[in-house]
Amino acid sequence: MIATYLLDVPENTRAIKVAEQLDDVEIQRLGPYFEVSADTSIVIDHRATAMRHAVWYSCIAGTTGCVISQWDKDALRADPL
């Protein structure tokens, strides 16, 4: 299982809404964070979130069991270690 953590603030809501639409992804609250977890890679399309670049590039607070292999203008991708 891999997970990414996004701080529960209004600016990150759009990324969470896009992640909720992904197959095999589970989202739960963990303290002041949203935990986005899956058994395989997690890919969030940046354009689908409509997030401004400054917010997009600061939305991840941490990871577990994965590495961020892509985080650019197109997508955020977390792959298992």
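These notes go through the predicted model above, from its overall build to single residues.

1. Basis of the model. Because the model is predicted, local features need pLDDT of at least 70 and side-chain atom pairs count only at pLDDT 80 or more, while totals for chains, interfaces and linings use all residues. Residues are numbered from 1 along each chain as its sequence is written, and side-chain values use heavy atoms, with hydrogens and water left out.

2. Elements. The protein has three helices and seven strands. Here helices (H or I, at least four residues) and strands (E, at least two) are DSSP runs, numbered from the N terminus. Read from the N terminus on, their order is β-α-β-β-β-α-α-β-β-β.

3. Overall size. The C-alpha atoms fill a box of roughly 30 × 25 × 20 Å, taken along the principal axes.

4. Surface and burial. The protein exposes about 4,800 Å², and carbon and sulfur atoms supply 51% of it. Accessible areas come from the Shrake-Rupley method with a 1.4 Å probe; for residues, only the protein chains shown count as cover. Buried residues make up 36% of the 81 residues. Buried means under 20% relative accessible area, exposed over 50%, and partly exposed in between (1.4 Å probe, protein chains only).

5. Contacts along the chain. A contact means heavy atoms within 4.5 Å. Of the contacts with a separation of 6 or more, 59% are between residues 24 or more positions apart.

6. Four strands form an open sheet in the order 2-3-1-5, with antiparallel pairing. Its edge strands are strand 2 (25–30) and strand 5, each pairing on one side only. Neighbouring strands of this sheet are turned by 20° against each other on average, direction ignored. Two strands pair if DSSP finds at least two bridges between them. Strand 1 and strand 3 pair over six bridges, and four bridges join strand 1 to strand 5. Within the second pairing, Y5 stands opposite G62 in strand 5.

7. Helix 1 and this sheet. Helix 1 lies across strand 1, strand 2 and strand 3, and runs at about 140° to strand 2. Axes are lines fitted to C-alpha atoms, for helices over the stretch in contact, and angles run from 0 to 180 degrees between N-to-C directions.

8. Strand 1 and T4. Five of the six residues in strand 1 are buried. T4 has its place in this strand. Is T4 buried or exposed? T4 is buried, with a relative accessible area of 2%. Its bridge partner in strand 3 is V36. Leaving aside neighbours within four places in sequence, T4 is in contact with F34, E35, V36, I60, G62, T63, C66 and A78.

9. A61. This residue is found in strand 5 (residues 60–64). Beyond its neighbours within four places in sequence, A61 is in contact with Y5, L7 and Y33. A61 and D24 are 37 residues apart along the chain, and their C-alpha atoms are separated by 21 Å.

10. Three strands form an open sheet in the order 4-7-6, and the pairing is antiparallel. Strand 4 and strand 6 (66–71) stand at the edges with a single partner strand each, so one side of each is left without a neighbour in the sheet. The twist averages 15° from one strand to the next. Strand 4 and strand 7 pair over four bridges, and I44 stands opposite L76 in strand 7.

11. The nonpolar core. A nonpolar core is a set of buried Ala, Val, Leu, Ile, Met, Phe, Trp, Tyr and Cys residues joined through side-chain atoms within 4.5 Å. The largest one has 19 residues, of which L6, V36, I42 and I44 touch the most other members. Two or more residues each come from strand 1 (2–7), helix 1 (13–20), strand 3 (33–38), strand 4 (42–45) and strand 7 (75–80). Which element gives the largest share of this core? Helix 1 does, with four residues. Not counting residues up to four places away in sequence, I42 touches I2, L22, V36, S37, L76, R77 and A78. In soluble globular proteins, nonpolar side chains tend to be buried together.
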